[in-house]
Amino acid sequence: MANGGNYLKSPDLLPVTHQQRNIGTFGFAVIWVGMAIVLAAFAIGGAGIISLSLPMVILATIIGSVLIGVFMTLIGDIGIEHGLSFPVYMRAPFGTIGTHIPSLVRGVTAACWFGINTYFGALAINGILNLLIGFNNWFLCFLIFAALQLFNTSLGIKSIERFADFAAPIIILISCWMYITLADNATTQGKDVWSWVESPTTGMTAFTAFMVVVMANMGFWATLAADMPSLSRFFKAPKNERNWFKRNKTQLVGSLIVMPITNTFIVAIGAVCYMAVASADPVNALQQSASGFILGILLLMIVLAQWSTNTSANVIPAATIFSNIGGPKVPFWVGVIVAGIIGILAQPWSLFGVLVEALLIIGGILTAIVGILFADYYLIRKRRVNVKELYELDGQFKFMNGFNLAGLIAWVIGGILANMFPTYSSLIGFFAGAIIYYVLAKYWWFKKYPQAELIDPSDEKYLGITIGHDWDDIIAQEMEPESVPVLSIVSTEVDTIIEIKGTE
């Protein structure tokens with residue numbers, strides 16, 4: 001590179017051009033179906049049905065899903081407009097070095113999700129072995145399953161990830177079978193699935209229980225709400241389109257229609273699962289609802305689904321974050337091992353029992369980041385971004401030794417306020433983060449560190465696809481011709497999901 005090895009210009013971090021975007025509305029819808037089939041979502045339904053009827057659980061889930069879907073779509077415009085990923089744009093509100101701190105939180109969260117999914121897969125493996133040879137040691141299965149996934153990922157083997165294209169629709173069929181079977185099971189016990197509640201509540205207590213389900217669903221997808229630009233930068237969008245809704249059509253259909261429907265279905269199954277077998281654990285429910293060959297096949301599908309989801313949506317993003325933070329001395333395979341160790345030490349067998357409470361905490365912390373991104377992108381910069389400077393070591397986003405204190409302070413205060421009121425954590429986190437950042441950045445930090453796009457808010461200089469502008473020409477000017485990377489975007493949905501540093 002002409003700049004002497006500027007790590008900020010790593011090929012995978014450069015803007016995605018209009019010609020390189022290949023995911024349409026249908027493609028994103030398919031991706032969402034695959035992502036939203038997450039067995040851990042059963043826990044939300046199982047916890048909700050204790051105090052609320054199934055219709056109220058469904059309503060709360062729809063509200064929470066739509067709200068977080070709105071956040072996703074708003075932040076996703078960063079990827080649509082400028083072709084930028086989450087870690088690159090985070091340099092604006094957090095600084096070129098400060099961006100690593102919230103990224104690390106995101107990486108640890110992904111590693112914990114790896115542990116939870118591995119736990120489900122291990123229980124399924126244990127169930128299969130118990131059927132075949134009478135073996136019964138889920139913890140040994142957990143360690144072996146974790147090691148296999150980490151080894152698979154460290155070698156960069158893609159075959160098991162591509163299986164997700166096949167696994168997702170099969171899991172949908174399994175889910176339909178589970179709902180019908182479990183609903184019949186509950187009915188035979190004299191329970192009306194649409195009115196039964198384990199411990200009915202009224203008044204403010206019922207409202208609190210309702211809001212907990214809303215916030216748990218928001219917390220479940222909060223990481224993706226912040227990280228949506230990493231995926232949306234690959235979405236097809238019309239050039240020279242100033243209408244925000246037309247420009248974000250793909251996002252609107254996927255995040256506000258497909259995701260809420262699919263997510264609500266899975267949460268509802270978790271609620272019915274609890275009615276039928278007094279547990280929201282899907283593996284336990286299968287073992288009580290099927291037997292023999294059918295049970296073995298169902299459990300095998302759970303194993304493969306957890307494996308494919310984990311490698312693409314949890315291990316790879318977590319390992320990438322740890323590797324990036326560690327620099328050249330921490331290769332990707334070391335990042336994979338770190339992600340695995342964190343996932344194991346998190347004791348996921350204990351996390352499932354407190355998952356809803358954990359989601360309230362996570363939701364507040366991560367939606368504070370979403371609020372900061374919203375304030376920085378929409379309220380302060382008004383979608384105009386000095387993209388060239390995002391890739392400069394000593395540019396305007398270096399701030400104070402690489403840190404934007406306005407973003408860090410807003411994040412800490414926003415996260416604390418959110419968790420002081422966990423019943424409304426995700427909403428408080430978003431608005432607190434946005435308001436605090438707006439005030440600190442606009443009236444303090446950016447007066448100390450002037451921003452070119454605020455001094456001269458030029459559409460021609462600082463808008464992207466809205467005016468038909470790709471940023472690859474600006475970045476390429478800083479690199480030797482032979483060093484200019486060609487981003488190869490794989491068109492399959494599963495490989496695209498690798499770009500999601502997600503919540504599942």
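**Exercise 1. Which helices each supply at least two residues of the lining of the second largest pocket?**

Before we start, note that this is a predicted model, in which local features need pLDDT of at least 70, side-chain atom pairs count only at pLDDT 80 or more, and totals for chains, interfaces and linings use all residues. Residues are numbered from 1 along each chain as its sequence is written, and side-chain values use heavy atoms, with hydrogens and water left out.

*Step 1.* Settle the terms. A pocket is an open set of points on a 1 Å grid over the protein atoms alone, where a 1.4 Å probe fits, with protein on both sides within 12 Å along at least five of seven lines; its lining residues have an atom within 4 Å of a point. Helices are DSSP runs (H or I, at least four residues), and strands are runs of E with at least two, numbered from the N terminus.

*Step 2.* Name the helices: helix 2 (42–48), helix 10 (203–220) and helix 19 (355–380). Helix 2 gives the most, with five residues.

*Step 3.* Look at the lining as a whole. It has 20 residues, and Ala43, Gly46, Ala47, Ile50 and Val356 lie nearest the centre of the pocket. By class, 13 are nonpolar, five polar and two charged. Here Ala, Val, Leu, Ile, Met, Phe, Trp, Tyr, Cys and Pro count as nonpolar, Asp, Glu, Lys and Arg as charged, and the others, Gly among them, as polar.

**Exercise 2. Describe the fold and its largest nonpolar core.**

*Step 1.* Count the elements: the protein chain has 26 helices and zero strands.

*Step 2.* Check burial. Of the 504 residues, 58% count as buried, where buried means under 20% relative accessible area, exposed over 50%, and partly exposed in between (1.4 Å probe, protein chains only).

*Step 3.* Find the core, a set of buried Ala, Val, Leu, Ile, Met, Phe, Trp, Tyr and Cys residues joined through side-chain atoms within 4.5 Å. The largest one holds 138 residues, and Trp32, Met72, Phe220, Trp221 and Tyr437 touch the most other members. Helix 19 gives the most to this core, with 15 residues.

**Exercise 3. Are Ala278 and Arg383 buried or exposed?**

*Step 1.* Locate them. Ala278 lies in the loop between helix 14 (249–277) and helix 15 (282–289), and Arg383 in the loop between helix 19 and helix 20 (387–390).

*Step 2.* Apply the cut-offs. Ala278 is exposed because its relative accessible area is 58%, whereas Arg383 is buried because its value is 15%.

*Step 3.* Check the backbone. Neither is a glycine, yet Ala278 has a positive phi of about 60° and Arg383 a positive phi of about 70°.
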